[in-house]
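Here is a short briefing on one protein chain. Keep the sequence and the 3D view at hand while reading.

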Amino acid sequence: MPDYAGLPVRRLDSGGSSNALFCLGDNLLIRLPRQPGGSTSILKEARWLPVLGPSLPVQVPEVVTPERPADPRRGDLAADLAEVVHALRLARVPGKAVNDPDLRWYRGEPLATMDAATRQNIDRCRALGDFGFDLDAAGRLWDEAMRLPGAKDRPAPRWYHGDLAAENLLVRDGGLAAVLDFGGLSVGDPAVDLAVAWEVLDPPAREIFRSRLGVDDATWLRGRAWALSIALMIWYYWTTMPQRRSSRIAVGRNVLADAGYLI
C-alpha cells in the first residue's frame with residue numbers, strides 16, 4: 001500500500017491483549033498481533049463486518065484494503081522474474097550438463113526427497129520457542145504437498161538457479177537489473193525457482209508472475225512447498241543472521257496465508 005508509505009507511525013501507550021496498536025497518520029489505526037494466531041480475529045472482522053455492520057445502529061471498524069490491484073513496481077518485477085525463470089527452463093541442457101555431478105543439487109530433486117528433512121526442521125523450529133508463524137499449520141500444509149501430483153516424480157532435467165532469493169536480485173527503478181550468485185546453478189526440476197514469488201512479490205504481483213510462466217497448478221504448488229521447506233531451514237541461521245531470519249519468517253507467513261491458513 002505505497003500511498004501510505006509517507007505517513008507518520010506512532011505506537012499507542014495502551015493496547016489490547018491480542019494486538020499492539022499504532023496510529024498511521026491522523027485517521028488510520030494499525031493492529032499488529034502479539035503472538036502467532038493473533039490475526040484470526042482481525043481476519044474474521046474483515047470478512048464478516050461488511051455483512052453484519054449495516055444491520056447495527058452504531059459504526060463498526062472498516063478494514064482498509066488497497067485501492068488498486070497491485071503496486072506497478074511489483075508488477076514489473078514479477079514480469080521480469082518470470083522472463084528469467086522462463087528463459088532458464090527453455091535453455092538447452094547439453095548432455096555433458098546432465099551427467100555433470102557438479103550440476104546436481106538437492107533443490108532439483110523431487111519434492112518428496114525433502115520430506116524427512118522438512119519435518120525434522122519443523123521440530124527444530126519448535127525448539128526455538130516463540131517462533132514467527134504457525135508450525136502446526138506448516139506441518140499440515142507439508143502433508144498436503146506430499147500428496148501433490150509430481151511430488152515424487154523426476155521430470156526431464158531443466159536449468160534452474162536454485163537460490164533465486166531477494167538477496168540475489170539487483171533491482172533498478174523497480175525493474176530487475178541482474179540476478180546474482182549462480183553457485184547453485186544445476187539441472188533438474190526447476191520448481192524450486194518459483195519460491196521467489198512468496199518472498200519478493202505481493203499476491204497480485206504473484207499472480208502476474210504465475211500467469212506469465214503458465215505453469216500448471218501442481219507445479220505452482222510444488223514451488224510453494226519449496227518456499228516453505230526452505231523457510232523452515234531458518235533454525236540454522238536463527239542467531240547468526242537476523243536479517244535472513246526475518247526474511248524467512250516472512251516467506252513462511254506468506255506461504256501459509258496464500259494456502260488459506262490463518263497466521
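The model is a predicted one. The points below cover backbone angles, salt bridges, the cavity, a pocket and the surface.

- Asp 181 sits in the loop between β6 and β7 (186-188).
- Its phi is positive, about 55°, although Asp 181 is not a glycine.
- Asp 173 also has a positive phi, near 55°, and is a residue other than glycine.
- The loop between β5 and β6 (175-179) holds Asp 173.
- Asp 173 counts as exposed because its relative accessible area is 78%, and exposed means over 50%.

**Salt bridges across the chain**

- The structure contains 13 salt bridges.
- One of them joins Asp 163 to Arg 107, with the closest N and O atoms 3.6 Å apart.
- This pair links distant parts of the chain, 56 residues apart. Asp 163 is in the loop between β4 (158-160) and β5 (169-172), and Arg 107 is in the loop between α3 and α4.
- Is Arg 107 buried or exposed? Arg 107 is buried, because its relative accessibility is 9% and the limit for buried is under 20%.
- Glu 167 forms a salt bridge with Arg 244, and here the closest N and O atoms are 2.5 Å apart.
- Glu 167 is in the loop between β4 and β5, while Arg 244 is in helix α9, so this pair ties together parts 77 residues apart in sequence.
- The two partners fall in separate accessibility classes: Glu 167 is partly exposed at 42% relative accessibility, whereas Arg 244 is buried at 18%.

- Arg 119 and Asp 115 meet through their side chains in a salt bridge, 2.7 Å from N to O.
- Both residues lie in helix α4. They are four residues apart, about one turn of the helix.
- Arg 119 is partly exposed, with a relative accessible area of 32%.
- Asp 115 is partly exposed too, at 23% relative accessibility.
- A network of salt bridges links Asp 115, Arg 119 and Asp 143.

**The cavity**

- How many cavities of 30 Å³ or more are there? The count comes to one.
- The volume of the largest cavity is about 150 Å³.
- Its lining has 13 residues, and the closest to the centre are Leu 164, Ala 165, Ala 195, Glu 199 and Ile 230.
- Helices α8 (217-231) and α9 (242-258) are the elements that give two or more residues to this lining.
- The lining of the largest cavity divides into eight nonpolar residues, one polar and four charged.

**The second largest pocket**

- The second largest pocket has a volume of about 250 Å³.
- It is lined by 15 residues. Closest to its centre are Arg 107, Ile 230, Met 233, Tyr 237 and Arg 244.
- Its lining comprises eight nonpolar residues, one polar and six charged.
- Arg 107 pairs with Asp 163, and Arg 244 pairs with Glu 167.

**Surface and loops**

- Leu 52, Leu 56 and Val 58 make up a nonpolar patch on the surface. Together they have about 270 Å² of accessible area.
- Leu 56 lies in the loop between α1 (40-52) and α2 (72-90).
- Leu 56 is partly exposed, with 37% relative accessibility.
- Where is Thr 113? Thr 113 is in the loop between α3 (95-98) and α4 (115-126).
- Thr 113 is partly exposed because its relative accessibility is 49%, and exposed would need over 50%.
- The C-alpha atoms of Thr 113 and Val 179 are separated by 27 Å, and the two residues are 66 residues apart along the chain.

Terms used: Residues numbered from 1 in each chain as written. Predicted model: local features only at pLDDT ≥ 70, side-chain atom pairs only at ≥ 80, totals over all residues. Heavy atoms only, no water. 1 Å grid on protein atoms, 1.4 Å probe; cavity = no way out; pocket = protein on both sides within 12 Å on 5 of 7 lines; lining within 4 Å. Points joined across faces, edges and corners; volume = space filled by probe spheres on them. Nonpolar A, V, L, I, M, F, W, Y, C, P; charged D, E, K, R; others polar. Patch = residues over 30% accessible without salt bridge, like charges linked within 9 Å, V, L, I, M, F, W, Y side chains within 5 Å. Areas by Shrake-Rupley, 256 points an atom, 1.4 Å probe, with all protein chains shown as cover. Salt bridge = Lys/Arg side-chain N within 4 Å of Asp/Glu carboxyl O. Buried < 20%, exposed > 50% of the residue type's maximum accessible area, 1.4 Å probe, protein only.
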